Structures are given as structure tokens and as C-alpha cells.
Amino acid sequence: MGIIEAILLSVITAATPLVLAAAGELVAERSGVLNLGVEGMMIMGAVSAFAATQITGSPYVGILAGVAAGLLFALFFGFLTLTLVANQVATGLALTLLGLGVSGMLGESFLGMQGIKLQPIAIPLLSEVPFLGPLLFRQDAIFYLSIAIVAGIHWFLFRSRAGLKLRAVGDSHASAHALGVDVIRIRYLAVLFGGACAGLAGAQLSLVYTPQWVENMSAGRGWIALALVVFASWRPWRVVAGGYLFGAVSISQLHAQAFGIGIPSQFLSSLPYVATIVVLILISHNRRMTLINTPASLGKPFVPER
Amino acid sequence: MRIELEKRAKVSTLFSVLSPFIAFALTIVFGGIMFALLGKSPVTALYSFFVEPLIEVWSLHELAIKAAPLILIGVGLSVCFRSNNWNIGAEGQFIMGAIAGSILPVVFYDWQSPLVLPLMMLFGMIGGALFAAIPAFLKAHMNTNEILTSLMLVYVAQLFLDWLVRGPWRNPQGMNFPETRTFGPDAILPEMLASGRTHWGFAFAIIAAVLVWFMMRYTLRGFEITVLGQSERAGRFAGFSSRKMIWFSMLFSGALAGLAGIAEVSGAIQQLRPVISPGYGFTAIIVAFLGRLNPLGIVAAGLVLALTYLGGEAAQLSIGVSDKVTRVFQGLLLFFVLSCDTLIHYRIRLVWERFAVAKTDEAH
């Protein structure tokens, strides 16, 4: 395998959790809910997936556990922000802080354990294609899922009736409510979907990216995923493009070190965060474009009139 | 069964006062359940977590030392949050304040003068404010979301500190440990009381809280903060500029976080290390909300959250649970604070499905 293939493979592995978490958050935000707790749901997914894999020996059970943990945390978030109309920004922060705390406690007994890596599945015929085969068709299940989920979200949002309702709720919850759409129900489902995706992204971290448990191993990826949604102007396929761009930036530090480039490692490690800021500036400085793309009810609480 | 909210005609004063207490009580109950699940006696565990740190003089001093940065940062954040600017990068501003304030004792360590300490505090505030100026500029002039930029800058600040103490600022006589030289006697924030370690950082925190309380209550600036936070449109009609408010609130909270940073380093650690904060900048967000964004409430909330740090350490020693319990308690507390705040604006009703159906029929 050539060096280019190796680099591209590592880009894909680094990008998959970003794509997954951002895709899930995109659906939640399209429904008008800003969940800043992605980082918390992701780290809970990572620790639960790792623990369940260690206990049962099967990384697939681990994946399920990761998704379940993401769902559970998303449910907490939904209950506070949708049922009790608590402030979404503050509740998202609470979710992240709680996730970092609970995962640290649950994961303590798994620190330093040898992980079980999720094995790739070769797709017959396609995996034999030169260059693209090993890159795209000899991957693990979570990678395939990430692409399927993005395609599914695209179809759902722009081709299905339910997706139209979800977008309507995100753009004007009052009008959607007046038309008889159950705003709260749709938002709950969207938030739960976002949580499941973030949990899956976390499972990828502890089962594929670095198959072990390290405290705070999500290292801000949940926040980068939030920025990716803005970068993608709330369009699913652009999340993939952005995710791969960020994946490339974040692994560039490893390769730069391998090539012996004399930049302190701390500066290279800060690249993804600096890149996020730069990208956010480029995307949002055009006030009108931002206004057109952003779901109009994003972050606004809804209490049905009775 | 369903939960329905009914908007109160006016804000409930009773629940504005009670809600932090209800939240704290719920946290204790859930904490007890958590300890029971961990196989510990809830009563002993809660006692060693919340009471033990309060019965000895030295640990009361530790409480004040930990509360000082939390209150300073929390008070600054309350101004930000009230004006609807979401600076969540106080952790980064804390670190940059500590670095800027340490220039004198680390680089110009030869210079000894009573001026060193005040200048360090000043540099710390400037360092924190300048670092907060980045998200402020980006929000005010480039329309960039301050939540994400201020948070990303935390990672940048942490890595920058890591590079400094392992690279250019490493102590030449330090056996290669990643730390700077220890500060000279002129650069150390003195202790306040004869009975223990509490340094002047705690006094700074109390003074800041009282000043901000006065500003919010009696000055035009305080009114401007509240109006712009509640409705930008209304603020514009009153002639207030939301752009200037972004600058003011971000720089102000950055300066206080920076002061907290240099006070912590100069008073408690007395050198720079790769990690100088157990997440004070993030915990201060909880402090601000638990204190209901009121500076005097924040003083009390800062002491409570400082207690969770000490409680974690105490519980680890006496009953052998992980000190990670601290973060869980802090997260739970914020969760319950936010849920209980609903009671201030809404009446909560439980609706049983059967009853709800009957009511709908009536309406037809």
C-alpha cells in the first residue's frame, strides 16, 4: 500500500466521527434545536462502546451501547429544553460537562486496557477495484453507516413529507403548529436522532480510531462537529466535504511529525481548532447568506398556546 | 401522563429564591443514589463529600482558595450571559491571563520591587481581556458565533501553555520537569489571614462581586446590559449599541478570568505548569447559573462548587470513590438548576391522558 493510500485512509478514519456527529446535529438544528451537548453525547458513546465491547467481546454490541448512551443523553437534553423549555445553550453545556464527568467515572476501570478493534468488512468485487477498493470498500461498518446516514438524511429532508414537516418546524414553529404539526414530537425525534449519531461517532473513536479508552478522548471533536454544521450551511453532503477537510487537517500533524518538520507539536495540534475558527469566519462574515441558510427558529423555545 | 407548562402571569419571586436550593437538594438526592449504586453507604459518602471539608480550619482555607477563581470568573460571565453574549472560553482566558501575568516573574526574574505584584495582576487582566477580544471582534465585526470561537480558543491556550513550559519558559535548573522557575518572593500573592493559606485572590473575588452587583443595580451600564440581553431591538430604540456591548462584556469577563488566572498562579501554584486549572473556566459557568446570574448569589454558588472539588478529594481519601465524582456532581447540579428555573416562569401541570381527552371533548 502506497503512502498516499495510507494518508487517505487515515483521513477517512479521522473524518468519520466528525461526519457522523455533524450529520446528526444537522437534523436536530434543521428542526430548530441547537444542541451544544454533542461533545458530551460523543464521549458517552465512546466510553459505553468501549465498556460493552470489553464485557461482551463483541464490538457490534459496543456500537449498540454507544448509540444507546447517545440516545439517553439526548433524551435528558430533550426533556429539559423541549418539555421544560430550559435555555438550550446552557443545557447543551450542562450535557457536555455531565458527559465528561460521567464518562470519566465509568471509564476509570477500563483505563489502559487493550481494546478490540472493529474489523473492516470487504465488499465483494468492489473491494478489488485498484486504489478505490482498499480505500472505500474495505472499511469498517461505521464508515459505511456514516455514508448511508448522510444519504438517508439528504433523502429524508428534501424528498420526504416527514422531512418537509421537520424543516417547517425549524423555520417557523408557530406556523407549523398552526397547521397541526406536533412541533415538540418532531423536535424530540430530531434530538434523539442527533444523540444516536453522536453516540455512534463516539463508538467509532474508541473502537476504530484509537481502540482504547482515554479520558476526554473526544478532544473537542463534538465542538468541531457543531462548527461543521454551520460550515455546511445545514446541507447534508456538505457535511461530508467539510468533515473530510477537517479530517485532513487533524491528521496533518501526525504526518508532519513523521516527515520531521521542525514545528513544535503543540502548534500542529492546535491546527484543527484554528482551522475551525478560520472556516467559521469565512462562512459567517456574509450576514445575509447566513441569515438565509440558518433555520429561522434555531435555538428558540416553543411553548404551545393552550 | 403528560407534562404541560402554563405561563405565569408574573415571574414567581418565591421560586426565584427557592430554585437554586431545590436544585441543590435534588443533586444531593441523586448523588446519594449514585453512591448507593457504587456500593457505598450514601450517608457516609455524602457526609465525607459535603460536610467533612467544612469542619477543619485548613480545609476552609482550601475552600476559599478554590472559590476565588470560580467567583471571579463567574461574576464576569454573569455580565456576559445577562447581555446575551455566550463567552464559554473563560478557561482559555484564565490560562492566557496566567501566562501574561507570569512574564515578569519568569522572564524578568531578576527584577525585584514592590511594583512587581500589581503589574502582574494588571498584565493578567490585560492578557485575559486580549484573548477574549478575539471572539469579541469576530462576533461584533465578522458575525461569527462566539460560542464556538471562544471554546476553540481554550484548546489553543492550553496547547500554548504546554509549549511554553516545555520549551522557552522551562526552568533551566528544573531537572527537565515541564515547569517554569518558581516565582520570587515579590511575585507571590500574600496570604490574607494568619490562620491559613487563603491568599488575596479571594478578596479580589469578593470586591469584584460587590462592584458588579453595584453596577448592575445602580448604574446605566447595568441597565443597558439587562435591556440588550432581554431584547436587542428594545435596546436599539433606547440608543444602546449591541456591538459595543459585545466588546464590553467579552473584555470585562476576559479581564476577570485573566485576573483569576494570575491570582491562582501567583497565590496558590507559584509557577507555571502544563495544567494550571482543574476546569475552573467551565465550572464557573455552573457557578454563574447557580447564582442566578446575580453577583452576590455567585459568591455563594462559588463556595458550593468549590466544596464539590474538595468533597471529591475527601471522598476519594475516606471512602475510596474516584474524584471524578466531582465532575458528575457539577454536571448534575447545572442540570437541576436549569430545570428548576422553569418553575420561575411556568406552572408545571401533570396531565393524565384520560382527563386530557375529556377536556378536548368538552371543547368540541
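Leaving aside its neighbours within four places in sequence, which residues is Ala315(B) in contact with? They are Ala45(B), Ser48(B), Phe49(B), Val321(B) and Val325(B), a contact being two C-beta atoms, placed from the backbone, within 7 Å.

A quick word on the ground rules. This is a predicted model, where local features need pLDDT of at least 70 and side-chain atom pairs count only at pLDDT 80 or more, while totals for chains, interfaces and linings use all residues. Residues are numbered from 1 along each chain as its sequence is written, with chains lettered from A and ligands numbered from 1 in the order in which they are written.

Back to Ala315(B): it sits in helix α13 (residues 295-319) of chain B. Ala315(B) counts as buried because it has 27 C-beta neighbours inside 10 Å (buried takes 20 or more, exposed 12 or fewer, partly exposed lies in between; C-beta atoms are placed from the backbone). Ala45(B) is 270 residues away along the chain, yet the two C-alpha atoms are 6.6 Å apart.

Now for chain A, which has 14 helices and two strands (DSSP runs: H or I of at least four residues, E of at least two, numbered from the N terminus). Of its 306 residues, 51% count as buried. Its mean pLDDT is 90, with 97% of residues at 70 or more; pLDDT is the predictor's confidence in each residue, from 0 to 100.
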